[in-house]
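The sequence and the structure come first.

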Amino acid sequence: MKTAAVIGLGDISVIHIAAIQANPAIQLAAVCDIDASARERAPKEVPFYQDYRQMLADVRPDVVHICLPHYLHAPVAEEVGAMGIHVFCEKPAALDSAEAEEFAVFEAEHPKVHMGICLQNRLNESTILLKELLDSGEYGAVTGLKGIVPWSRPKSYYDVKPWRGTWKYAGGGCMINQSVHTLDLLYYLGGTIQSVKASVSQLLDYGIEVEDTVSARLMFSGGAQGLFMATNANYKNESVQISVQTEKAEFCIIDNVLYLLEEDGNKKRLVEDAKLPGTKFYYGASHQKLIAKFYQAVEQETQDYIHVKDAVMSMRLIDAIQESGRTRQTVRL
């Protein structure tokens with residue numbers, strides 16, 4: 001049995017802790033947060049620390065889950081990894097592409113330490129099947145892709161945790177926080193992206209530094225064209241929509257269901273994603289699968305998980321879209 005510890009007891013930590021406790025091969029050994037009141041969000045039987053260095057010295061877990069604000073992801077992950085402890089880090093991998101690339105270099109320099117990044121939507125049932133269909137070659141080359149993230153965040157979302165609205169601590173807004181998964185999937189499904197042209201803006205009068213709305217045209221090296229749109233200014237949270245057109249067919253993921261669009265206009269249902277219960281269904285339910293996959297890789301000493309190096313492209317995309325929004329020019333990656 002592998003032991004786990006969690007650093008940071010914010011909103012996403014609840015999902016990590018639930019996934020750990022649901023897995024009989026993992027024991028939650030300790031949790032940590034600088035805020036003493038966060039103790040209430042952790043299982044009562046698990047030791048609670050306010051200093052993660054003290055926790056690591058006392059407990060020495062096999063794996064540390066990092067659920068901290070964005071600016072601490074790479075630095076703390078590298079500190080833990082340098083101790084020879086495996087790391088499972090929430091998205092994003094870093095504040096920007098430069099830090100992500102440095103993180104990937106650190107990963108390469110520590111081959112005995114597993115360092116996973118939580119891009120769990122790659123393991124959604126719809127993504128797995130769509131990737132298989134595209135890679136099979138049966139439907140020809142990909143010619144177009146679309147990703148839309150129509151979400152909502154109230155002003156209180158930023159007020160309760162002010163770091164979320166800052167460049168220094170969050171690294172961005174709706175892209176790095178809410179829609180990095182969609183950018184990752186557009187790259188994962190469509191291949192290398194060579195350039196972007198984007199509009200980056202704020203539709204909400206929240207007084208934050210970072211963007212809340214983005215639209216971008218993506219040009220893929222294989223010749224496909226893509227459209228990416230994301231906002232936190234919708235009136236409610238709706239499911240992410242992803243469409244992929246190939247030479248012989250068109251697929252779409254709507255309401256967490258993968259469809260094949262037939263010539264007569266009908267949609268053939270192929271597979272549906274598992275969903276989380278409650279109001280945050282749009283998160284998807286693949287955290288548990290990805291966490292189990294990571295621990296299996298640690299146990300069996302394989303490389304079958306999502307690495308830091310796999311997360312670099314989504315960070316490059318975010319930086320390129322931000323630059324294009326500032327300059328109003330096409331930016332090459």
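**Charge and surface**

The protein has 32 positive and 42 negative charges, and their mean positions lie 3 Å apart. The model is predicted. Its accessible surface is about 14,800 Å², with 49% belonging to carbon and sulfur atoms.

**Overall fold**

- The protein contains 11 helices and 15 strands.
- The radius of gyration is 20 Å, which agrees with the value near 20 Å for a compact globule of 333 residues.
- The C-alpha trace spans about 60 × 45 × 40 Å along its principal axes.
- Of the 333 residues, 53% count as buried.
- Of the contacts between residues at least 6 apart in sequence, 67% join residues at least 24 apart.

**Helix α3**

- Helix α3 covers residues 73–82 and is mostly covered, with 7 of its 10 residues buried.
- The buried residues in α3 are His73, Ala74, Val76, Ala77, Glu78, Val80 and Gly81.
- These buried residues pack against several elements, among them the strands β1 (2–7), β4 (63–66), β5 (86–90) and β6 (115–118).
- Helices α2 (52–59) and α4 (97–109) also pack against the buried residues of α3.
- Gly84 follows α3 and has a positive phi, near 85 degrees.

**Cysteines**

- The count of disulfides is 0, with a cut-off of 2.5 Å between cysteine sulfur atoms.
- Cys89 is in no disulfide either, and the nearest cysteine sulfur, that of Cys67, is 8.2 Å away.
- Cys32 is buried, with a relative accessible area of 2%, and Cys89 is buried at 1%.

Terms used
Residues are numbered from 1 along each chain as its sequence is written. This is a predicted model: local features need pLDDT of at least 70, side-chain atom pairs count only at pLDDT 80 or more; totals for chains, interfaces and linings use all residues. Side-chain values use heavy atoms; hydrogens and water are left out. Buried means under 20% relative accessible area, exposed over 50%, partly exposed in between (1.4 Å probe, protein chains only). Helices (H or I, at least four residues) and strands (E, at least two) are DSSP runs, numbered from the N terminus. Contact means heavy atoms within 4.5 Å. The radius of gyration is taken over C-alpha atoms; the globule rule is 2.2 Å times the number of residues to the power 0.38. Accessible areas come from the Shrake-Rupley method with a 1.4 Å probe; for residues, only the protein chains shown count as cover. Lys and Arg count as positive and Asp and Glu as negative; His and the chain ends are not counted. The place of a charge is taken as NZ of Lys, CZ of Arg, CG of Asp or CD of Glu.
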